[in-house]
Amino acid sequence: MLRIALTVALACSLLAGCAEQPSGGCPDRLSPAPLPTWARTGFRPPDQPVTYVLGDRGDIAAVVFGDPLLSPPGKDRGNKILWVSRVSQDGDPLLIEARLDGTGAPVTREVPGGPGPSGVDLPKAGCWHVTLRWSGHVDTLRLRYVQP
């Protein structure tokens with residue numbers, strides 16, 4: 001058991017955007033780190049540290065501008081997320097299904113044209129388990145929203 005915990009802790013420390021994981025697997029804070037090589041297009045310098053969450057399958061990155069994400073959204077800034085896909089996309093919308101703490105009724109959002117820039121506001125603070133669907137692909141991740 002200790003070996004598994006140490007392996008998880010080591011993997012977490014090596015993954016960009018990883019933070020201490022409270023129960024539910026949602027990071028308390030995002031630690032800036034360089035994006036994976038496939039997600040760096042447009043960033044100068046390409047290896048600059050940014051705050052992001054990598055999908056569980058590694059097929060999408062959520063680059064979070066203005067960490068932490070706020071619910072309700074702040075008056076002076078939005079909850080901007082740049083979705084970057086590692087896999088091919090056909091311009092189909094990015095469908096977002098979020099569940100607070102992974103349970104209950106889903107909240108849905110859509111990014112027209114697929115992964116790209118978006119503003120994603122969710123109705124309550126907490127850990128949101130997010131399922132993302134685009135161009136035949138599916139990935140999941142967790143995003144924490146806090147009260148302003």
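My entries start with the disulfide and then move to the cores.

Ground rules: I am working on a predicted model, where local features need pLDDT of at least 70, side-chain atom pairs count only at pLDDT 80 or more, and totals for chains, interfaces and linings use all residues. Residues are numbered from 1 along each chain as its sequence is written, and side-chain values use heavy atoms, with hydrogens and water left out.

**Disulfide.** I looked for cysteine sulfur atoms within 2.5 Å of each other and got 1 disulfide. Cys26 pairs with Cys127, S to S 2.5 Å. I placed Cys26 in the loop between helix 1 (2-14) and strand 1 (33-34), and Cys127 in strand 10 (residues 126-134), so the bond ties together parts 101 residues apart in sequence. (Helices are DSSP runs of H or I, at least four residues; strands are E runs of at least two, numbered from the N terminus.) The S-S torsion of Cys26 and Cys127 is about 100°, so I noted the disulfide as right-handed.

Buried or exposed, I asked of Cys26? Cys26 is buried at 0% relative accessibility, and Cys127 is buried too, at 3%. (Buried is under 20% relative accessible area, with a 1.4 Å probe and protein chains only.)

**Cores.** I counted a nonpolar core as buried Ala, Val, Leu, Ile, Met, Phe, Trp, Tyr and Cys residues joined through side-chain atoms within 4.5 Å. The largest has 23 residues, and Trp83, Leu132, Leu141 and Leu143 have the most contacts inside it. Strand 10 gives the largest share of this core, 4 residues. A second, separate core has 8 residues, including Leu35 and Tyr52.

Key:
Buried means under 20% relative accessible area, exposed over 50%, partly exposed in between (1.4 Å probe, protein chains only).
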